[in-house]
Amino acid sequence: MLLQLLSYLALVVFAVGILTRVVKYLRMPLHVRWELYPIPHEKGREYGGSYFEEVNWWEKPKEKSFIGQIKFMVPEILFVRGLYHDNRKLWWASFPFHFGIYLVIGWLVLLLIGAILNIAGLSPESAPATFLQSFAVIFGAVGFVLGVAGCIGLLMFRIFDSDLRSFAAPKDYFNLVFILSIFLTGLIAWSSSDPSFIIFRDYIKGVITFSPVTIESSLVLAHIILLSLFLMYLPFTHMTHFFAKYFMWDKVRWDDERNLRGSAMEAKVKQVLNYRQNWSAPHIKPGKTWAETATEEVE
Amino acid sequence: MKAEKINPKDISRPSEQMVELNPADFMKLPYPYDKGEDEPAFKRLKEDQKKKYETSLDGVLAVGIPRPATKGEEDELVRKFLSGLEKLLTKENNWTFLQPLTLSLEYCAKCQTCNDACPIYISSGKKDIYRPTYRSEVLRMIANKYLKKSGKLLAKFTGNDIELNWTTVAKLAELAYRCTLCRRCAQTCPIGVDNGLITHELRKIFSQEMGIAPGEIHTLGSVQHLKKGSSTGLMPVALKDTLEFLEDDIKERTGLDIKFPLDKEGADILLIHNAGEYLSWPENPMAFAIIFEAAGLNWTLSTDLLGYDAVNYGLWYDDVQFARVAVRHAQIAKKLGVKKIVIGECGHAHKAISVIADRIINEEINIPRESSMTLLEDLVCSGKLNLDPKKNAFPVTLHDPCNMVRLMGVVEPQRKIIRKICPQFREMEPHGVRNYCCGGGSGFAIMSSMNFPNWRSSVSGRMKFKQILEAFQDVIDPSIKKMVCAPCSNCKGALREIFNYYNAWEKCGISYTGLVELIVNAMVDIKEPYIEWPIM
Ligand code: SF4
Ligand code: SF4
């Protein structure tokens, strides 16, 4: 039961940690525009153009291309496309690393579905359940192999590439070794003690139903402990970029929302202009609002 | 190959000079500069300059901070730096960039992908201190160690064990002016981190909290702009004289009787140029007048303080100065009752008033702003002007001003015009949103203290020069006159310096101009060639 408690704790810390971070970014005030082209939702302007290319643009409706955005995002997320173009050698490690993570997440989801179906009464020996489980095996095994390869690759870069090494901190090595240990224990557990991931699935079932499960395999045990610890650590690291990217891209890089007369944006701008700044260089009078600061007579 | 790697922590170590710049290490240029013989010697600082100023970064001075006289003074400056950094992370003091800055500080994976995108780092022969990540990492480390709870406790493990002392702050001040804010690095970051932005914010600590900025940008720049009406020092009375003189010049060159419409209330368009044009390249505002009159537009210039100078240097270093100038521009347009402001050929003025100021000039002063590129495309491509491309029978390439292109998305209008009127047009590689900065971005074009111009032409502008030479390799013989079209005053200023530095006209026959000059040069009704070679 101790193991399960750790897993519950991990899930709670993970959720609260991530949520706190999301709320922190969400509560930040409006910022000035700072976009970077190309912006994929600019319809018909894949070369990087914007609505500023139109005469009297403010008189025209803004057309956002959802498809353009999807077309950009899918290969970016799945295949780490940016890195493929701009840093190919690192991509050879980064891509398996990330794809390995996606597959392992997929593995967990498949096990979760299997566990739920099992609880709902579907026999683990039934055809649909075995079919599902064989999928889980593919996702898990391939995911672990890719993950291990990616981690080792990334570690090699950090250690042997002098450009990376001169910026590396103990933390960076620690993170990679930590993740490697998760992939590695998963891989060995699968190959040595749980070839069809039945133990893992039953553990998840135990977690859902709050019923104790005894795990014989020390490798499976190690994997579950490491993964739980990692979930608790993750929200406090830069590895949360998986969701922060939404803010960095959608809310900064691609934020070209215009301030039209009478718009909601206008009201938001009015609000931020009323913040009081407190800068102390000689040309600024602290304590005034931004609106006052911008319009006061300057000496 | 490079000797020892410089890591971010090294910045705190007192040293006479962190790196030595040697043109032999710089990126190689194409023919006819490939032998390196025509590389001018790098100007070293004089002994008295070294004594007086903080020169410990790279022996170049952009800001030129006088050495503090006492330890007490140093400590006070360090304290102020930290208080500035702290303010940068609060919403009241920095709502303008809080979210982008926080994200960029929190998420760098230190993969160094962005390094190869940076023209300065590459041109310098890969000097570590010019990596896009270098100054960012130093600032990040200081913020993490000195402003976070338990920051000091975990510093070793997190790698934030940097020492914040005066030498760090002094070097950071100079380092903040070794980046043109072109944001090419940000474009390649797989995470979305923006090192250009971090440089921008670093400059703000120095300016908004410590009162430290290059004189050309602050005292002679935005302060003079707000006081006298223009950062060039051009006052309204002098402007009117200049314009009268230009009217005579138009008459002489083209035979046309054109009067600049001044302060015309209710005009459709308020056209604002970078006032540097009136002094350095008057043929540009003249050409605008010729085109606008030929197209029958209802337009005006303003002679109000600031109304005739579109620059906004605050964009590069100070949000307060930025907001002040932006609001003045908008108020003038409001007073005149125009339908829109059209920005002349100035890249940073484009982005300043269209993009950044969009969330500052609000409510009744929110007058629409339009790029002159867009308007000109409409005039040229709709056939409102009678043009003959054969009049531009020389090789032309187009420079993309970062602020107008990568940072604002005005990419095609200027190309459509050039394709129409310049039959020998060829692109540089890469171009459009992937272009390289002219080397004069973020204020560099106007900064001329001590040996900084030397650094600008040989390091920050080097990649652009390389691209230009490559674009013209097939016609590189100096007897063939070639033109670089740069629709931006600052870019023109930077190109002028590079071309002089490398004698590009004598050696290769390369000159530069704006876009409207090429349009007027192609106008059928104007008999004499409008463009004069070379433009110096
Ligand atoms: S800024 Fe981006 S590209 Fe550069 S090192 Fe950091 S994560 Fe990598
Ligand atoms: S903004 Fe441009 S000059 Fe500055 S670091 Fe990035 S690429 Fe280099």
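User: Hi! How many residue pairs are in polar contact between chain B and chain A?
Analyst: Hello! This is a predicted model, and in it 60 residue pairs, both at pLDDT 80 or more, are in polar contact between chain B and chain A.

User: Which helix gives the most to the side of chain B that touches chain A?
Analyst: That's helix H16 of chain B, residues 319-336, with eight residues.

User: And how do the residues on that side of chain B divide into nonpolar, polar and charged?
Analyst: There are 39 nonpolar, 27 polar and 31 charged residues on the side of chain B that touches chain A.

User: How many salt bridges across the interface?
Analyst: The rule finds 10 between chain B and chain A. One of them pairs Glu296(A) with Arg324(B), where the closest N and O atoms are 2.7 Å apart.

User: Nice. What about the area buried between the chains?
Analyst: About 7,900 Å² is buried between chain B and chain A, and carbon and sulfur atoms give 60% of that. The contact takes 82 residues from chain A and 97 from chain B.

User: Switching to helices: at what angle do H10(A) and H4(B) cross?
Analyst: Roughly 145°, with the axes coming within 10 Å.

User: Left-handed or right-handed?
Analyst: The crossing of H10(A) and H4(B) is left-handed.

User: Which residues meet there?
Analyst: H10(A) brings Ala244(A), Phe247(A), Met248(A), Lys251(A) and Val252(A). They meet Gln99(B), Pro100(B), Leu103(B) and Ser104(B) of H4(B). By class, this helix contact has six nonpolar, two polar and one charged residues.

Methods. Residues are numbered from 1 along each chain as its sequence is written. Chains are lettered from A and ligands numbered from 1 in the order in which they are written. This is a predicted model: local features need pLDDT of at least 70, side-chain atom pairs count only at pLDDT 80 or more; totals for chains, interfaces and linings use all residues. Side-chain values use heavy atoms; hydrogens and water are left out. Axes are lines fitted to C-alpha atoms, for helices over the stretch in contact, and angles run from 0 to 180 degrees between N-to-C directions. Helices (H or I, at least four residues) and strands (E, at least two) are DSSP runs, numbered from the N terminus. A crossing is left-handed if the near helix is turned anticlockwise from the far one by less than a right angle, and right-handed if clockwise. Contact means heavy atoms within 4.5 Å. Ala, Val, Leu, Ile, Met, Phe, Trp, Tyr, Cys and Pro count as nonpolar, Asp, Glu, Lys and Arg as charged, and the others, Gly among them, as polar. Buried area is the accessible area (1.4 Å probe) that two parts lose on being put together, summed over both. A salt bridge is a side-chain nitrogen of Lys or Arg within 4 Å of a carboxyl oxygen of Asp or Glu. A polar contact is a pair of N or O atoms within 3.5 Å; within protein, one must be able to donate a hydrogen and the other to accept it, and residues adjacent in sequence count only if both atoms are side-chain atoms.
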